Amino acid sequence: MSTAVTEKQERNPRGIPKAPFIADVAEFLGTNPSPENALKEFQAALAKYRYMDNNLTQRRRSLEDKIPDIKKTLAMVEFLQERREGKKMLGTEEDDLDGDEDTEESDASRKSLTTTFELNDTLYAEAELEDTDTVYLWLGVCPEVASHRSYVLMPIFHQANVMLSYKLPAAVALLRSKLDSAQNSLTTVIEDLEFLREQITIMEVNTARVYNWDVKRRREVREKSEAKDAAVERKES
């Protein structure tokens, strides 16, 4: 398609051009038809659409892998926050009470939580989670995991390699923000993929229509030429 036609094309909200459907091939090609050039332009447009489709498909897979990780991490941080807030409330009530029984309950409430964490896809280790108000979040995949009275949780990005510490409320807010962003991005990517596949189909139909029109035109030209030659031969004979 020419530059002028490309500039006039409709686009989706992300700027992907809409493929025009060719209803009348003869009108589209004009008075001096050049099907070969049109087919080359269609093939170039198809290559661009397929390139975008491939990139968005990879991005969709990445988001579909990332979102469950963010959800699991968010659930863990929210659990730690709720557990800590529950201990604070219990501690406030115990300050107003006396006696050995209350002290025993207080000691029990401060016991560490025993759980398991993932080292690899099929390898888990046991750990005791002590009371803390800080977590460390991987902002990328890192080969080492370490913590000291804080918790190292799953990554929220897959292309970085940085760990940062956050207070529990800040970590919850960050993870919720990243989850909303990832889910919105996934919705957008799916919409763009559907749009792209529709444009690819239209361009494939356009290609077939122009090719068939050219085949028919060449056949008609050949038939006229053969009929003319036959008429000349009859006159000569």
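The side chains of R197 and D53 form a salt bridge, with N and O 3.0 Å apart. R197 lies in helix 5 and D53 in helix 3, so this pair ties together parts of the chain that are 144 residues apart in sequence. The model is predicted. R197 is partly exposed, at 41% relative accessibility. D53 is buried, because its relative accessible area of 14% falls under the 20% limit.

A second salt bridge joins R50 to E204. The closest N and O atoms are 2.8 Å apart. This pair also links distant parts of the chain: R50 belongs to helix 3 (residues 35-95) and E204 to helix 5, 154 residues apart. R50 is partly exposed, with a relative accessible area of 41%. E204 is partly exposed as well, at 37%.

I200 lies in helix 5. The residue is buried, with a relative accessible area of 11%. With residues up to four places away in sequence left out, I200 touches L46, Y49, R50 and D53. I200 and K18 are 182 residues apart in sequence, yet their C-alpha atoms are 9.8 Å apart in space.

The side chains of R217 and D214 meet with N and O 2.9 Å apart. The two residues are 3 apart in helix 5, so about one helical turn separates them. R217 is partly exposed, at 27% relative accessibility. D214 is buried, at 9%. Salt bridges with shared partners join E36, D214, R217 and R218 into one network. The salt bridges in the model come to 10.

The chain as a whole contains 5 helices and 5 strands. Along the sequence, the elements follow the pattern α-α-α-α-β-β-β-β-β-α. The chain has 237 residues, and buried residues make up 30% of them. Contacts between residues at least 6 apart in sequence were also sorted by separation. Of these, 64% join residues at least 24 apart. The accessible surface comes to about 15,900 Å². Carbon and sulfur atoms account for 50% of that area.

L139 sits in the loop between strand 3 (134-138) and strand 4 (151-153). L139 counts as buried, because its relative accessibility is 11% and the limit for burial is 20%. L139 and M163 are 24 residues apart in sequence. Their C-alpha atoms are 5.7 Å apart in space.

Two surface patches were examined. One is nonpolar and consists of F117, L119 and L123. Together these residues have about 270 Å² of accessible area. F117 lies in strand 1 (residues 113-120). F117 is partly exposed, with a relative accessible area of 33%.

The other patch carries negative charge. E220, E223, E226, D229, E233 and E236 gather there on the surface. E236 lies in helix 5 (residues 168-236). E236 counts as exposed, because its relative accessibility is 65% and the limit for exposure is 50%.

R197 in helix 5 pairs with D53 in helix 3, and E204 in helix 5 pairs with R50 in helix 3. I200, also placed in helix 5, is buried. R217 and D214 lie in helix 5 about one helical turn apart. E236, in helix 5, is exposed.

Definitions and conventions:
Residues are numbered from 1 along each chain as its sequence is written. This is a predicted model: local features need pLDDT of at least 70, side-chain atom pairs count only at pLDDT 80 or more; totals for chains, interfaces and linings use all residues. Side-chain values use heavy atoms; hydrogens and water are left out. Patches are made of residues with over 30% relative accessible area and no salt bridge: like charges are joined within 9 Å, nonpolar side chains (Val, Leu, Ile, Met, Phe, Trp, Tyr) within 5 Å. Accessible areas come from the Shrake-Rupley method with a 1.4 Å probe; for residues, only the protein chains shown count as cover. A salt bridge is a side-chain nitrogen of Lys or Arg within 4 Å of a carboxyl oxygen of Asp or Glu. Lys and Arg count as positive and Asp and Glu as negative; His and the chain ends are not counted. The place of a charge is taken as NZ of Lys, CZ of Arg, CG of Asp or CD of Glu. Helices (H or I, at least four residues) and strands (E, at least two) are DSSP runs, numbered from the N terminus. Buried means under 20% relative accessible area, exposed over 50%, partly exposed in between (1.4 Å probe, protein chains only). Contact means heavy atoms within 4.5 Å.
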